[in-house]
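My plan is to begin with what a database record says, and then to look at the model itself.

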Amino acid sequence: MKRFVFGRYWSVVKKEVIQIKRDRPSLGIALVMPLMMLFLFGYAVNTDVNDIKMVVWDQSATAYSRELIDQFTNTRVFEVSAHASGYRAIESMLDDGSASVALVIPPDYARKRDRNEPANIQMLIDGSDPNIARTATSNAQLIVQNRSVTMQESRMQKQGMSELEPPLTLDSRVLFNPNMESIVFNIPGLIGLIMQNVTMILTAFSLVREKERGTMEQLIVTPIRPLELMLGKITPYVGIGLFSFCLVLLVGTYWFGVPVKGSISLLVSLSILFLLTTLTLGIFISTIAKTQLQAMQIAFAFILPSVLLSGFMFPRESMPLVIQWLGGLVPLTYFLEILRGIFLKAVDLTALWKDALGMGIFFLLILTVSMLRFRKKIE
Amino acid sequence: MNAAISCNELTKRFGDRVAVNSLTLSVPKGSIYGFLGPNGSGKSTTIRMLCGLLVPTSGSGTVLGLDVMTQSEEIKQRIGYMSQKFSLYEDLTVEENLDFYAGVYQLNAAERKQRKAELIEMAGLTGREKQIAGSLSGGWKQRLALSCALLHRPELLILDEPTAGVDPVSRRIFWDVIHELARQGITVLVTTHYMDEAQTCDWIGFIFFGNLLAQGTPQELIERMDANNLEDVFIDLVKQEEARLAQARAGEGGR
């Protein structure tokens, strides 16, 4: 009586597939949500800072001052959005956000340069977005420093000194993502996030719906085993999960140009492990929630931390230790390491075994808890 | 005794509340047993314990000779259950619902085909096989639910207010089917609020506040209570019990 009967399991699969096909809104979520999230994150969530709007108050208005402004715009970090005269005009532009930084060149800039006197230029920065402010400060610092070094060099050469040999140089090379584009970093993570959300929500919904409509009660009085029911319910969603995985992978590779550098077969097999984990999470949610609304709320209560704590948006290294541990409770954390490792660094299991193991342990844990909670009783 | 259901001191508590209090009853094989009582009296809880949906707090019970505590999975293969709420898949067609339950009860292909044809005929659903179940009217839905509960030829049929909210014609057709099933030897346990339905049962049990107040054939009960009809029996029993409880409470307060 305790054995697994394939016929019963298969009936559930067939029934579920018919229901999914008839439930257009859910099918829509399964197919459209991945694409929507992909384009949203692909374009909107861009942590690269460039073209910072800069208002210029050039009181010198000479070839020298224009040369300096060019230095700023040449880096593509700054772009001149307006010219102004007077602090009041500058302030109002910083206030209404039409400019994020202001460059003030004093009237005696050219004169001081000619006389080889130290000149002082000013930059006002809107610090409300720390990311922009930080980028603006460090880049402006660098531009001015470079400029003053070249100026010093040419001055010394004029005085008959030989070319200056810098005592220290840094030769830096960025590996894996040489252009430091955030999209290359984001797309692999998105695959994980999308797979998690789609499969978790749909599985939880399909099970809670049975409770809500009373069909679960009818199922409980049949001889069907909990495992047959559970597997039968999730089998179609494995298909949907794999579909969104392929969709996101293809769009990510061909549209956003983020190639997979590592082994595809390793990527697929670890993705299936992740898929099983998120499906089981969906089952777990359904054992707690009594209505679809509750299931939705629980799912969101889980999605938010998984976005914030997993390292999807913010680096985990800079989080407090306790928060890092909490991140360890989120399966996406492990999967992100795996995805980024395979996508960007082409590493294999020797580098990823810890994350694969972490994900596997999480899967077994949540499976056990769900199986214990998923009883054929209605209490 | 040859009983399809027999329970002894069956009790179910939800926290402090006693839903079913030491219920002892037996349902003879092949009979129709009408389970009567006001709303919230413990009828559904009793039925759910017998079906293996709920675990009894104490007491014992057997269904078709199988223990409700330990053999509920074996019981499930041999009973048919239909709840007061329509609990089939509204987004599946008549035929798809039948196919699903045929699969769940592991009917083989030949048996499935035969049973489906028989039951569609019995329920009068011929020509509606491809209709979405959610679009059927109340009476059709109940008969479809009954068909699904009968697919695996259960020996015992448990019906929880099967005719609540169903029109008189559909109710009559439904009960004709129930009597026909009883003639074929199937035991039927049914709860209802309609006394005309109860009148046609072989046995009747009254339950109130989780206690079984009276049991017998409809005629016996009417004679014993010296009443005109079953409805009076029902109302008298409820009044007596309420008076007894009020007295008990007053007695407690006086001490």
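Entry 1, the record. I looked up chain A in UniProt, where an unreviewed entry places the feature "transmembrane region" at residues 27-45, 183-208, 234-257, 263-286, 298-315, 321-344 and 356-374. I keep in mind that what I compare this with is a predicted model.

For chain A I noted a mean pLDDT of 87, with 97% of its residues reaching 70 or more. Which element of chain A has the lowest mean pLDDT, and which the highest? The lowest, 82, belongs to helix α2 (residues 24-44), and the highest, 94, to helix α1 (residues 6-22).

Entry 4, the overall form of chain A. I counted secondary structure next, and chain A comes to 14 helices and 4 strands. The chain is divided into domain 1, made of 24-46 + 181-373, and domain 2, covering 52-158, and the centres of these two domains, taken over C-alpha atoms, are separated by 47 Å. Along its principal axes the C-alpha trace spans about 100 × 45 × 40 Å. The radius of gyration of chain A is 29 Å, whereas a compact globule of 379 residues would have one near 21 Å. I also recorded that 34% of the 379 residues count as buried, and that, of the contacts in chain A with a separation of 6 or more, 77% are between residues 24 or more positions apart.

I found 23 residues of chain A in contact with 23 residues of chain B. On the side of chain A, the elements that give two or more residues are α1 and α8 (215-220), and the largest share, 8 residues, comes from α1(A). By kind, the residues on this side of chain A divide into 9 nonpolar, 7 polar and 7 charged.

I picked S58(B), which is found in strand β4 (residues 58-63) of chain B. Is S58(B) buried or exposed? S58(B) counts as exposed because 10 other C-beta atoms lie within 10 Å, and the cut-off for exposed is 12 or fewer. Lastly, I noted that the C-alpha atoms of S58(B) and K12(B) are separated by 6.8 Å, although the two residues are 46 residues apart along the chain.

Terms used:
Residues numbered from 1 in each chain as written. Chains lettered and ligands numbered in written order. Predicted model: local features only at pLDDT ≥ 70, side-chain atom pairs only at ≥ 80, totals over all residues. Domains from an automatic or database assignment. Rg over C-alpha atoms; globule rule 2.2 N^0.38 Å. Buried ≥ 20, exposed ≤ 12 C-beta atoms within 10 Å, placed from the backbone. Contact = placed C-beta atoms within 7 Å. UniProt positions renumbered as here; feature names shortened; annotations may be inferred. pLDDT = per-residue confidence, 0-100. Nonpolar A, V, L, I, M, F, W, Y, C, P; charged D, E, K, R; others polar.
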